[in-house]
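Dear colleague,

Please find below the structure that I am handing over to you.

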Amino acid sequence: MDHSHSDVLILGGGVVGLSCALYLLKAGVGVRVLEQGTPGCGSSHGNCGTITPSHAAPLAMPGTFGLALRSMLRADAPLYLNPRFDGARLRWLLGFARHCNWSDFHRAAAARSAILQRSRQVLGELIRAEGIECEFVEGGELYVYRTAKLQAADERHHADVLDRLGVDVQRLGGAEVEAMEPALKPGVVGGLFHPDDARLRPDRYVAELAQRVRDLGGAIVSGAKIDRLDTNARRLTHVRSTRGVFSGERVVMALGAWSPLLARQLGLRLPMQPGKGYSITYTRPAQAPRFALVLREEAVCVTTWDSGYRLGSTMEFSGYAEGLNRTRLDALRRGAAHGLHEPEGPELLEEWWGWRPMSVDEVPIIGPSTRWSNLHLATAHGMLGVSMSAATGELVAAQIAGGAPAIDPAPYAPARFGL
């Protein structure tokens, strides 16, 4: 096997790993990316592609844990907790339950908002400066409500939070929403419009990122499944994979939901669980929505591009169970049919599932390890990997190459978990 040394070795070729690679290369640092599949083949591929400063509020708040427990009785619930016993998942759930209080809610919202707002800015700048072709549209995102009760709850725990964080949100009546978005069926009672949100085609964005990394001299090794990590004292010395043995002066772990599995070899217990999501991609329907939508009662996200149309979302905690769940896909279709005149496109292109890397406090884990002198973590972005990716890459580059970070790194530091 070959043994290749790099300035920075990045484990994971999804949107976060590639963003770290790009910003490190721009800072003059050599990088090599190891990807077990092909660049962007995981959650970077099948998500809805929305860029959402609006998603500052975490799931964890008083009442959420009880909702998750009740979901065990409904396999098609938007938030579904598989009742099968799993020790690691149980520990995570107990930790998540401890964060279901208002103090932690507001702390997480502030941390998430800082990185989301910064990432929204620099991602737009990056796409324009690099001429990245990914169907990027700065059109905003619309939350749609058919019950006044849910709208009122979201105005308290979502819109009011965004007001305090300085994120623009517009409160709309039902007639205004229906006038804005003719693709919706009648019966809308109101909406929340987030004008600063955007959307892109995530698979194309990641493919373009990978090409920019190569153009700047970075190496991407596909099909490199990591078998073993070698250490000496407090350093990670070698990464042994199916494509060879690699090393780096610094190693960045950006493996998304796979991060805790590999981190065990280093004695690190990352407080993360895979949150399984689903999407269905079609050719574009004739009456496609103008805006990216969230149909709130059904918890279905709808994204339209020139090249296609996608239904997505749901959150399923089933550990590392692989494969499509027909019940979950059918729930997406039913939800879209409840809210849209033309809920599906003329041709089905793909049914997809993927694992989102969910941290116990819903704040990403970014920064140097306190246990391993040359290890950096860039993981646990939850449902917001694309949205947070550019600012994550920028922050990792500043921490490794030197320079003042654009956002305060403290809320994301691995040290908060003793990592």
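The lining of the second largest pocket draws at least two residues from each of α4 (87–98), α9 (259–263) and β13 (272–282). Helices (H or I, at least four residues) and strands (E, at least two) are DSSP runs, numbered from the N terminus. The largest share of this lining, 5 residues, is supplied by α4.

This is a predicted model, in which local features need pLDDT of at least 70 and side-chain atom pairs count only at pLDDT 80 or more, while totals for chains, interfaces and linings use all residues. Residues are numbered from 1 along each chain as its sequence is written, and side-chain values use heavy atoms, with hydrogens and water left out.

Two strands pair with β19 (DSSP finds at least two bridges between paired strands). Strand β18 (residues 365–368) pairs in the antiparallel sense over 4 bridges, and I366 stands opposite A378. β18 and β19 form a hairpin with 6 residues between them.

Finally, L165 lies in helix α6 (residues 148–165). Leaving aside neighbours within four places in sequence, L165 is in contact (heavy atoms within 4.5 Å) with A56, A109, A110, S113 and Q117.
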